[in-house]
Structures are given as C-alpha cells and as structure tokens.
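Work through the exercises below with the sequence and the structure at hand. Try each task before reading its solution.

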Amino acid sequence: MQILTPFFTVMRARQLGRQFRDIERSIRALPKRARDRLSMLTLREIGQASRCDFPHLYGTPPESRYLPWGQGTDLGYERGRSNNAEVALRGIALWLAVAYHETKTATQPNLQAQHRQLLQLLRELKEIHGNSTRDDTVDSWMQESAVA
C-alpha cells in the first residue's frame with residue numbers, strides 16, 4: 001500500500017486542482033451580492049464540518065466512509081455546476097468546506113499548495129463579507145478555534 005499512496009495523493013491533488021480552477025472561475029463570475037451570500041454559506045459549512053468526527057468526510061454518506069477520500073468535494077462540485085443559483089452556491093460552499101478540511105493537515109507538497117490556494121480564495125470571500133457587514137463574528141471567520 002505504501003507504493004500506491006503517493007500515486008493516489010498525486011491523482012487526488014490533480015483532481016482537486018482541476019475542480020478548484022472551475023470553482024474559482026464560478027466564484028469570480030458571481031455578482032457581489034451572491035459572493036457575500038456564498039461567504040456566509042461557506043462559513044456555515046466549514047463550521048458544520050468541523051463539528052463532525054471526520055471533517056474531511058463531511059457530505060459523504062455513511063456507507064462510503066471507507067473510501068480513500070470522501071465524496072463531499074465531488075458532490076459539491078456537481079452542485080456548483082448547477083443552473084439553479086441557490087443549488088450552485090450551496091454546492092460551492094460544500095466544496096470549499098470539504099476541500100479546506102481535506103487539505104488542512106496534508107503533508108504532501110502538492111496538497112499543501114492546494115490548501116494555500118484555497119486559503120487565498122477563502123480570505124477573499126472573508127474580505128467581501130467583512131466589507132459588507134461589520135459584525136463580531138466576522139473577526140473569528142477563519143480563526144483556527146472557529147473551525148477546528
């Protein structure tokens with residue numbers, strides 16, 4: 001299994017990278033109001049996932065918990081491509097939350113790079129939300145204590 005692990009890691013990083021580019025393109029195409037809503041949905045999804053026993057498996061059906069990785073990113077990616085705006089926003093938020101938790105503790109360089117790109121995008125969403133609302137919860141949006 002130790003021989004296959006690096007292969008699986010590279011393939012997973014490539015899959016997440018491809019999905020990330022599409023998700024990022026979708027986010028950048030959203031109007032400001034929709035990005036603000038996405039910011040709130042993402043915050044909620046990250047929080048809900050962090051309360052799970054295995055946050056990186058958030059969105060994965062219980063019978064599929066023993067796969068190499070969860071199905072939350074695939075589910076979120078498919079929903080994010082929906083023509084229905086609300087479904088798409090919720091799908092993107094799910095993808096961001098699961099990808100964040102999946103790459104957060106990665107030790108492989110390609111997954112660490114993916115996590116840094118994801119953090120950059122989340123920071124941009126946080127700033128959008130922070131500019132539109134001044135609330136105490138905004139200050140704790142991305143702190144480790146709020147999502148760990």
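**Exercise 1.** Find which residues R28 touches, leaving out those up to four places away in sequence.

*Solution.* Start with the location: R28 sits in helix α1 of this predicted model. Next, list the partners. R28 touches L121 and E124. Now check the distance to one of them. R28 and L121 are 93 residues apart along the chain, and their C-alpha atoms are separated by 9.9 Å. Then look within the helix's own stretch of sequence. The side chains of R28 and E24 are joined by a polar contact of 2.9 Å. R28 has a relative accessibility of 44%, so it counts as partly exposed.

**Exercise 2.** Determine how many aromatic pairs there are, and classify their geometry.

*Solution.* The count is two aromatic pairs. Take F7 and F8. Their ring centres are 6.0 Å apart and the planes make 50 degrees, so this pair is tilted. The angle lies between the cut-offs of 30 degrees for stacked and 60 for edge-to-face. F7 is partly exposed, at a relative accessible area of 48%. F8 is also partly exposed, at 31%.

Now take F20 and W95. The centres are 6.3 Å apart, with 40 degrees between the planes, and this pair is tilted. F20 belongs to helix α1 (residues 4-29) and W95 to helix α4 (residues 85-104).

**Exercise 3.** Describe the fold of the chain as a whole: which elements does it have, and what share of its residues is buried?

*Solution.* Count the elements first. The chain has seven helices and zero strands. In sequence order the pattern reads α-α-α-α-α-α-α. Then turn to burial: 43% of the 148 residues are buried. Contacts come next. Of those with a separation of 6 or more, 64% are between residues 24 or more positions apart. End with the surface. The chain exposes about 8700 Å², and carbon and sulfur atoms supply 53% of that area.

**Exercise 4.** Locate where confidence is lowest and where it is highest in the chain.

*Solution.* Begin with the overall figure. The mean pLDDT is 85, and 86% of the residues reach 70 or more. Then compare elements. Helix α6 (residues 136-139) is lowest, at a mean of 46, while α4 is highest, at 95. Over residues 135-141 pLDDT stays under 50, and the model has 12 contacts for them beyond four places in sequence.

Technical notes: Residues are numbered from 1 along each chain as its sequence is written. This is a predicted model: local features need pLDDT of at least 70, side-chain atom pairs count only at pLDDT 80 or more; totals for chains, interfaces and linings use all residues. Side-chain values use heavy atoms; hydrogens and water are left out. Helices (H or I, at least four residues) and strands (E, at least two) are DSSP runs, numbered from the N terminus. Buried means under 20% relative accessible area, exposed over 50%, partly exposed in between (1.4 Å probe, protein chains only). Contact means heavy atoms within 4.5 Å. Accessible areas come from the Shrake-Rupley method with a 1.4 Å probe; for residues, only the protein chains shown count as cover. Rings of Phe, Tyr and Trp (its six-membered ring) pair if their centres lie within 6.5 Å; planes under 30 degrees apart count as stacked, over 60 as edge-to-face and the rest as tilted. pLDDT is the predictor's confidence in each residue, from 0 to 100. A polar contact is a pair of N or O atoms within 3.5 Å; within protein, one must be able to donate a hydrogen and the other to accept it, and residues adjacent in sequence count only if both atoms are side-chain atoms.
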